[in-house]
Amino acid sequence: MTRYLARRVAFALFLVTAVSSASLMLARLAPGDFVTESLGVLGTRQAIEQQRARYGLDKSIGVQYRDWLTAAARLDLGYSMQYGRPVRDLISERAANTAILAVAALALATLIGLPLGVISGSRRGGALPGAVRAASVILLSMPPLLTSLFLVFVSARTGWLPIAGMRSPAVPAGGALIDLLRHLVVPAAAIALPLAAMLERLQSQAMSEAIGEPFVLAALSRGVPWSRIVWRGALKAALRPTAAVYGLVIGTLLSGSFAVEVVTAWPGLGSLMLQALRSRDIYLVAGCAGAGALFLACGTLVSDVALAAIDPRASDARSDRA
Amino acid sequence: MTRGLGAALIAIALLAAATAPLAAPHAMDAHFPGLLNAPPTVVHIAGGDRAWHAPFIYRWRVVSQLEQRYEEDRSTRVPLAWFSAGHLVRSADEDAAPLLLLGADNYGRDVFTRLLFGARTSLALAVTAALGAMVIGVSLGGIAGLTGGALDELLMGAADFVMVLPAIYVALALRSALPLVLTAGQVFALLAAIFAVVGAPIIARGVRAIVRSERRLDYAAAAQALGANDRRLLVRHLLPAARGFVAVQLTLLVPAFIIAEATLSYVGLGFPDPVASWGTMLHDASSSVRVFADFPWLLSPAAAMFLVVLGVNLTLQNSRSAASIVGRADLQVWRGVKSRL
């Protein structure tokens, strides 16, 4: 198990380094740099040279990469040219916002998707499973981009919820937390609803397979009540396939939160990376990409540990391999 | 039933894309300067005189230029002209009262027309990219599965690496590393290439797994014994076994790429003006704060995308076998990825 963990941590480090290095290179090799993008046609040759020297853009790409890498090893990620602040501060601020959004969305999706999947998977006929299935197919066809546009549309029409940003300019009655939660509803639901539909479909399929197993029949014949069989025995057996998917979901969450952050102006990592890429703010690009990779590595690790907790066989099989 | 509905939705989208120049009332970049953000024209058959008429429309009269509010000018009925000037249907008086079935955008262009032309761009891009992903994925997966060894390790390692990353970020980074301003043709080729690369690993992984397991079967040994070389063995015998998997993945990639195009265009990295795609239309719509409250017809590309994705999902939904193939293959692929992490 220790070896397995060490391997995973080593891979996480490799992932973060590779992703941030690659995006630094990509952004550096891209045509134009921060100075030309920000000065535009106003830049005289002299002004451009001066600014380039200031940001270290006059150095060769190899030297620049080496300097960045040695600094990054000491967790100094450089300065954002656009914001004039250390990249590390910017990233940790924005990454926290994305984390709030992602965790809220994941919790919401699980709370909606899993119970509905158990219900629709454990009953053969009836109106409720049919309605749940129909709702799932519709929501599966609404990726976060479309769901967020739809929810923003509904909120704008009804005026029930704020449609953009994370906080109101002035703290309204009820305090900052309530204000944040109200802003969170639309973006979190936009990511969570399609995810909930996916979890519902998976859970439903796993559930109907689990109910066909002999242990269900045995429990029934012993007189165990049906609801107990469904919510204890069969659910436990059916959680495994769904839990295995949670590792994949982290990537979906990050991709989904990008679209949602842009549509609802949520100040997260995705919108920061977009700005950084567009203005060729190369250190910020590398920082954002690295933070995203870190998210991904941590997410897969957590989901694997959770999977092992639900199903001991998973961790046995894996420690054999590692 | 639901499968038929799904197929119908896809057929409508394909038909709309194929016949756009004929079915659309206007040219793609035709604009009506006096009708910025005008609401959809309603086709009437009953007039104010309580009599029935052939379908006709009313002219929009500007109520407030500043607020862009309009009302129907009920004084004159404008009949519809069928099959005129190379268009299926348009208004008889194009200049004063154009037919705007889904309203006009903030340049005064017909949203319905652009929706049809946008279907061409979006669907063509998604299908091209999916086919590209198939070609890359099948050849790399086939080679990796057949040869094994170090090449297999290398190819699958690269595939896993791309697959672990969130696809939209990879596309975003690759797209923005290239010049931000490109012609429509360049953007099309570029996005198709990026999406193909991002989509290929899933196909490559699955094809490799199928080729590897099929290779151990007797018929493969028989073919080899009969003197089939590696290429013939792969192309004629092993790859056909992966046909079902590839077909399902291909169907799933198309809607994913439609959304990916929309996302990149929405953030301003897609097709340049005046080319219409569903994503650029949403991008234009998002530039106005009032779109959600006052000009909801500008969001019709989102509805179109929803219907196409729904069509694909419904078509796959009822074929339980297809759905479970997808589920299994994906899970297998994913286990393969994780065992390497």
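Among contacts in chain A between residues at least 6 apart in sequence, 73% join residues at least 24 apart, where two residues are in contact if their C-beta atoms, placed from the backbone, lie within 7 Å. The model is a predicted one, in which local features need pLDDT of at least 70, side-chain atom pairs count only at pLDDT 80 or more, and totals for chains, interfaces and linings use all residues. Residues are numbered from 1 along each chain as its sequence is written, while chains are lettered from A and ligands numbered from 1 in the order in which they are written.

Chain A has 13 helices and zero strands; helices (H or I, at least four residues) and strands (E, at least two) are DSSP runs, numbered from the N terminus. Its C-alpha atoms fill a box of roughly 85 × 55 × 35 Å along the principal axes. Of its 322 residues, 43% count as buried. A residue is buried if 20 or more other C-beta atoms lie within 10 Å of its own, exposed if 12 or fewer, and partly exposed in between, with C-beta atoms placed from the backbone.

Within chain A, helix α5 (residues 87-122) packs with α10(A) at an angle of about 145 degrees, their axes being 10 Å apart. Axes are lines fitted to C-alpha atoms, for helices over the stretch in contact, and angles run from 0 to 180 degrees between N-to-C directions. Residues of α5(A) including A:T98, A:L101 and A:V118 meet residues of α10(A), among them A:V230, A:L235 and A:L253. By class, this contact of α5(A) with α10(A) has nine nonpolar, three polar and no charged residues. Ala, Val, Leu, Ile, Met, Phe, Trp, Tyr, Cys and Pro count as nonpolar, Asp, Glu, Lys and Arg as charged, and the others, Gly among them, as polar.

A:A206 is found in helix α8 (residues 175-211) of chain A. It touches A:G121, A:A238, A:P241 and A:T242, residues up to four places away in sequence not being counted. The C-alpha atoms of A:A206 and A:P241 are separated by 6.8 Å, although the two are 35 residues apart along the chain.

The contact between the chains takes 39 residues from chain A and 34 residues from chain B. On the side of chain A that touches chain B, the elements giving two or more residues are α1 (2-29), α6 (127-140), α7 (144-158), α10 (226-264), α11 (269-278) and α12 (282-310). Of these, α10(A) gives the most, with nine residues. That side of chain A divides into 27 nonpolar, eight polar and four charged residues.

In chain B, helix α8 (residues 230-238) has B:L233, B:L234 and B:L238 buried. Seen down the axis of α8(B), these buried residues fall within an arc of 95 degrees, so they line one face of the helix; the arc is that of the directions from the helix axis to the C-beta atoms. They pack against α3 (111-147), α6 (184-215) and α7 (218-225) of chain B. The face turned away from the buried side carries the exposed residues B:R231, B:V235 and B:R236.

B:Q68 lies in the loop between β2 (52-64) and β3 (69-84) of chain B, and its phi is near 55 degrees, a positive value in a residue other than glycine. B:F83, in strand β3 of chain B, has a positive phi of about 50 degrees although it is not a glycine.

| Residue | Other C-beta atoms within 10 Å | Class |
|---|---|---|
| A:A206 | 25 C-beta atoms | buried |
| B:F83 | 10 C-beta atoms | exposed |
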